[in-house]
Amino acid sequence: MTGTTAPVPAGSGRCPFHEVEPPAFPCPRANPLNPPPYYGELRDSGQLQKLRLWDGSLAWIITRYDDFRAVVSDPRFSADITREGYPTVNAGMKVARGKYPSLITMDAPRHTRHRRMLTGEFAVKRMEAYRPKIQRIVTELIDAMVEHGGPLDLVEHLALPIPSLAICELLGVPYEDHDFFQAKAKVLASHKTSREEALAAGHELCEVYLRGLIRKKDAHPEDDILSRLVVKQLRTGELSEDELISMSRLLLIAGHETTANMTAMGTLLLLQHREQWEALRADPALVPQAVEEMLRFLDPTHSGRRRVALEDVELRGTTIRAGEGVIALGLSANRDGNAFPEPDRFDIRREARHHVAFGYGNHQCLGQPLARIELQTVFTELIRRLPGLKLAVPGDSLHFKDEMFVYGVKELPVQW
Ligand code: HEM
């Protein structure tokens, strides 16, 4: 069935147009806290299918947990965005990321070399030493929320500033510039961004801002990750200035929307399962486990892990041809009943640490120790300090980021 559209799984409820034309990716959600039902139908049917991307091209969609792990850890699938057939998210992705290639879109051995330069910086031990700073950031933000009084938007007052303050401090990026780089990151991370918009945002962020910052670090190195990269990698010729700009861009952006959306969506999820919020209040030692379950259940990187086949690969009796694009969907893999019993039940007591919300294999999230500390700290403190937290608007009036690479709620008005 290579290159063709698989039969429509029973009960998909697709319109007649879809009988001849594969559905568009991403598929619509029926409930904002759950993955699009169509991915579940594909997963349960056991079929591999191609869906249609924004530019009319087709990509194989991987929905099962075992297949997800097999594909993203298989070197026959490349993460190199410059390769023909790579399934891009928008018109700008290839030009913006192609011009500033970073480790997330590189293959070994270059990927291995670049990643090795960063593993020590984000190691669990090093991040644990940073936990008291995160605690301080969260405490101060909640102090400010209490002083402000509700109702207020939890995204603006808590979810977004936490990762922003944390990564700025670690990297050595001035926090007062966060409005600027968050605006550019937003343009780069939208499914709707045009080629021209992506080029302009990439230019301002990389050429103007990050190049200037790296030169400042070179003149006056400080005690931060960017300065260490300048001293250890740039000055020694291990990285060119352009390569360091690309790496800094990834580090600056990768941990923002992901962690912020997990904070806001995790709060919403707990508020909609009040008994689990109360269980956490009764036993805060459950927070680390609850964070893993929130990651499994919500998996915010809903655009999937993008790869292109380097050679013909057999999967589930189907041949994925060399040059064909593949999108491995963690949000569907994390709801696979073969990996997680009763997968659609949100249960903070379950063992969920083998979820794939941080990816799997070589490209598995480098910042996961930092993300875990941020999320553990914020949920511990929210429950302790604002036990009566509740939505300040009806749940059905909330708006969600369907059009962004990383999924989340746009605003979360709360009171307590
Ligand atoms: C809840 C928060 C986060 C989630 C859900 C998340 C998710 C992911 C995922 C799924 C990947 C794999 C990409 C792929 O296979 O194509 C990834 C890679 C990456 N993440 Fe995160 N991330 C989070 C937080 C962070 C933070 C705080 C940082 C810190 C800078 C970070 C830095 C990175 C980097 C550098 C990579 C690329 C690794 C590589 O390609 O070798 N992430 N992340």
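Which elements do the buried residues of helix α14 pack against?

Modeller: A quick word on ground rules. This is a predicted model, in which local features need pLDDT of at least 70, side-chain atom pairs count only at pLDDT 80 or more, and totals for chains, interfaces and linings use all residues. Residues are numbered from 1 along each chain as its sequence is written.

Now to your helix, α14, which covers residues 274–282. Its buried residues pack against α13, α15 (287–298) and α17. (Helices, H or I, of at least four residues, and strands, E, of at least two, are DSSP runs numbered from the N terminus; two residues are in contact if their C-beta atoms, placed from the backbone, lie within 7 Å.) The residues in question are Gln276, Trp277 and Leu280. Buried here means 20 or more other C-beta atoms within 10 Å of a residue's own, exposed means 12 or fewer, and partly exposed is in between, with C-beta atoms placed from the backbone. Looking down the axis of α14, you'd find the buried residues within an arc of 105 degrees, so they line one face of the helix; the arc is that of the directions from the helix axis to the C-beta atoms. Here's a handy rule: an α-helix has 3.6 residues a turn, so residues three or four places apart point the same way. Over on the other side of α14 sit Arg274, Glu275, Arg281 and Ala282, which are exposed.

Elements giving two or more residues to the shell around the ligand are α12 (241–254), α13 (256–272) and α17 (368–385). That shell holds 25 residues, with Gly255, Thr258, Gly359, Cys365 and Gly367 coming nearest; a residue is near if its C-beta atom, placed from the backbone, lies within 6 Å of the molecule. By class, there are 16 nonpolar, seven polar and two charged residues in the shell. (Nonpolar covers Ala, Val, Leu, Ile, Met, Phe, Trp, Tyr, Cys and Pro; charged covers Asp, Glu, Lys and Arg; the others, Gly among them, are polar.)

Next, the strands. Strand β2, residues 58–62, has four of its five residues buried. Its antiparallel pairing with β1 (residues 49–52) runs over four bridges, where strands pair if DSSP finds at least two bridges between them. Leu51 stands opposite Ala59, and Lys50 opposite Trp60. The two strands make a hairpin with five residues between them, and in the turn Gly56 has a positive phi of about 90 degrees. β2 also pairs with β8 (residues 325–328), this time in the parallel sense over four bridges, and there Trp60 has Val326 as its bridge partner.

There's also an open, antiparallel sheet of three strands, in the order β4-β10-β9. Its edge strands, β4 (152–153) and β9 (390–391), each pair on one side only.

Finally, the big picture: 17 helices and ten strands make up the chain's elements. Buried residues account for 45% of its 416 residues.
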